[in-house]
Amino acid sequence: MSGTNRLASEASAYLRSAAHQPIDWYPWGEEAFAEAVRADRPILLDIGAVWCHWCHVMDSESYDDPELARYLNQEFVCIKVDRDERPDVDTRYQRAIQALVGQGGWPLTAFLTPTGEVFYGGTYFPPDGRYGRPSFRTVLESVLEAFRERRDRVDAQGDALRSAVENQLDETAPGSISDALIDGAISQMTRLFDPRHGGFGTEPKFPHPAAISLLTTRWADQNDDTLRRMIERTLDGMARGGIHDQLGGGFHRYSVDARWIVPHFEKMLYDNAELLRAYADAAAALANPRFAEVARSIIQWVREVAADPDGGYAASQDADIGPDDDGSYFTWTRDEAAAALSPEELTAAALHFDIGTAGEMPHDPSRNVLFIAADAGEVAAQLERSPEEVSAILARACEKLKAVRDQRAAPFVDRTRYTGWNAMMISALLRAAPLVGEPWARDHGLRSLSRIRREATDPDAVGHLPGGRPVLLEDQVQTAAAALDAWELTGNHDWLTWSEALMERAWADYHDAANGGLFDTTTGDAGAGLLPARAKPVQDSPAPSPNGVALVLCGRLEAHTGKSLWRERGNELARAFAGRATELGLYAATYLQGLDWLLHPPTHLVIVGSDTDPLADAMHRLALASWHPRRVVQRLTPDEATGGWLPAPLAAMLSAASGTRGYLCTSAACRAPALTEADWAAALRRGTLE
């Protein structure tokens with residue numbers, strides 16, 4: 001081959017990055033499978049992502065090799081898939097490889113029969129047998145020999161793996177629902193908690209923001225000091241670590257060590273969305289200004305790197321600028337720092353960020369990951385300066401370091417706007433904006449949600465990509481959640497109506513009426529290979545499980561509308577997965593948040609006043625800037641308050657009241673109405689009913 005291959009015309013940045021390769025790549029689709037059947041060849045399926053370091057390494061080492069390409073083009077049909085673009089394909093083939101070899105990941109390298117059944121595979125294969133792995137050419141020759149000489153065994157292996165995948169994809173396990181499920185999961189989290197560095201488990205260490213959000217709610221209900229320590233130690237450990245970009249804001253995907261210092265440097269939109277929500281909520285719930293600063297740093301990264309001025313957000317920022325790189329954009333040698341800073345600034349920054357001649361990067365020990373080794377007060381004590389002086393010096397140093405870093409060749413940013421991930425960021429921005437005082441987050445979040453709605457080809461359903469057909473449950477429920485957040489923020493009933501419509505459509509298109517739960521793809525949607533296998537996910541892996549998000553939404557929609565339908569659907573969803581809740585524990589945190597909505601009353605914060613009343617506006621802003629477990633904020637005009645649904649005790653109080661007022665209620669009781677901004681602020685600070 002010469003020039004470019006079929007991938008040159010694809011929308012995916014990851015697929016286009018392989019368009020120059022000498023391999024006769026096919027994108028996922030019927031054409032590839034038809035060719036494999038016609039030629040009776042095995043399929044090489046490569047699944048990766050534009051942010052994946054080892055995907056770029058394998059591309060460079062193997063798929064750019066003309067000799068290897070000739071062999072592959074002659075003996076295989078080669079399909080390349082972007083896991084961000086096709087999470088439905090990735091989910092099914094990851095499960096198959098995990099069942100076969102015990103682990104998955106990216107790049108995923110799977111070998112399929114012409115009809116798409118897996119019979120062998122793995123992840124990264126080096127070209128020359130390094131790292132204790134067989135060479136890629138040896139693997140290819142063995143696969144081809146098995147396909148030609150032992151076809152009956154290959155077909156049997158494929159059939160067995162299909163059965164295993166089908167069994168694993170349905171994560172329902174019926175059971176009874178109670179607080180004991182949440183208690184059991186939190187006990188598991190407590191056992192996994194790292195008391196020294198925060199987080200769960202050892203290494204590699206992932207953030208698990210949904211678990212932090214669950215713990216924050218549980219702490220607020222129980223006032224348990226152990227839970228508070230877990231929350232604070234984890235959020236503080238991540239904030240101080242190299243997993244947190246100390247100069248540019250935002251978080252990298254995970255840490256390879258238990259101390260949160262050395263990350264895999266890619267930044268994912270969905271990770272930063274959930275972490276933004278977790279930090280903003282904890283800042284308000286625990287009255288911790290440091291967590292508010294971290295939330296603002298995430299918003300800084302979103303604004304500077306991910307945001308589209310017209311609305312919407314990039315999917316990811318790569319870790320590297322090439323296959324031989326490993327985070328050099330984000331790391332520093334001592335000499336590089338010295339060239340950017342004055343001697344005074346270097347001295348303070350070196351103590352603060354542990355910038356030495358020996359760094360943390362294994363491939364280049366001179367490179368330092370910036371992490372907070374000593375805060376400003378500790379540096380001040382060492383330098384015998386005041387904390388205020390040192391804080392000013394460090395601020396100047398960070399500004400200079402970032403200015404120098406901004407001049408470096410930057411890692412690629414994938415500008416693809418995946419609907420579900422965009423909706424997650426929109427929800428987080430709308431939630432965080434009033435909590436941490438960031439008006440840009442509010443305005444841009446609403447602009448982005450309006451763009452999703454405007455570009456949808458179906459008024460009550462959204463596609464994975466703008467204008468695409470509805471396929472994935474994740475996109476549908478995350479957009480419904482964002483619309484509900486927009487309703488609370490603006491008081492515009494159109495957002496509440498759309499949220500309900502999206503959820504109604506989710507039940508029509510994804511619901512398993514026979515066994516409960518929601519499928520990940522639309523009912524009746526099929527395709528080649530393993531795609532017809534049905535999945536009902538409840539694990540957060542790592543993005544929130546769509547069934548968990550749907551369960552939270554059922555609780556929130558019932559609280560906003562009073563419709564028993566949402567409680568009935570929530571109960572069905574909760575029971576469908578209850579048998580696995582304690583077993584999954586940490587990995588079912590979103591589901592457990594939804595269960596918490598079912599089992600415990602929400603806190604209604606209701607402001608009644610004309611839509612032009614500045615006092616009502618001020619009270620609404622105060623409500624949005626407060627944090628309460630299972631918070632429900634409603635900004636209503638007098639006509640809306642008397643004409644719509646409200647909790648019974650509040651409806652009774654409204655019949656005898658007039659003027660602008662704020663109510664703090666549960667489903668059973670209300671405080672006396674607050675008539676002034678000061679009284680309302682005091683009621684929100686007290687929070688619970690007396």
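Ala, Val, Leu, Ile, Met, Phe, Trp, Tyr, Cys and Pro count here as nonpolar, Asp, Glu, Lys and Arg as charged, and the others, Gly among them, as polar. The model is predicted, so local features need pLDDT of at least 70 and side-chain atom pairs pLDDT 80 or more, while totals for chains, interfaces and linings use all residues. Numbering runs from 1 along each chain as its sequence is written, and side-chain values use heavy atoms, without hydrogens or water.

Start with the cavities. A cavity is a set of points, on a 1 Å grid over the protein atoms alone, where a 1.4 Å probe fits but cannot get out; lining residues have an atom within 4 Å of a point. The structure holds four of 30 Å³ or more. A volume is the space filled by probe spheres set on the points, which are joined across faces, edges and corners.

The largest cavity has a volume of about 550 Å³. Of its 30 lining residues, Arg-277, Val-552, Arg-556, Gln-593 and Trp-597 are the closest to its centre. By class, the lining has twelve nonpolar, eight polar and ten charged residues. Helix α9 gives the most, with five residues. Helices are DSSP runs (H or I, at least four residues), numbered from the N terminus.

The second largest cavity has a volume of about 130 Å³. Its largest share of lining, four residues, comes from α18.

Now turn to Met-619, in helix α25 (residues 614–624). Met-619 counts as buried because its relative accessibility is 0%; buried means under 20% relative accessible area with a 1.4 Å probe, protein chains only.

Methods: Helix = DSSP H or I, 4+ residues; strand = E, 2+ residues; numbered from the N terminus. Buried < 20%, exposed > 50% of the residue type's maximum accessible area, 1.4 Å probe, protein only. 1 Å grid on protein atoms, 1.4 Å probe; cavity = no way out; pocket = protein on both sides within 12 Å on 5 of 7 lines; lining within 4 Å.
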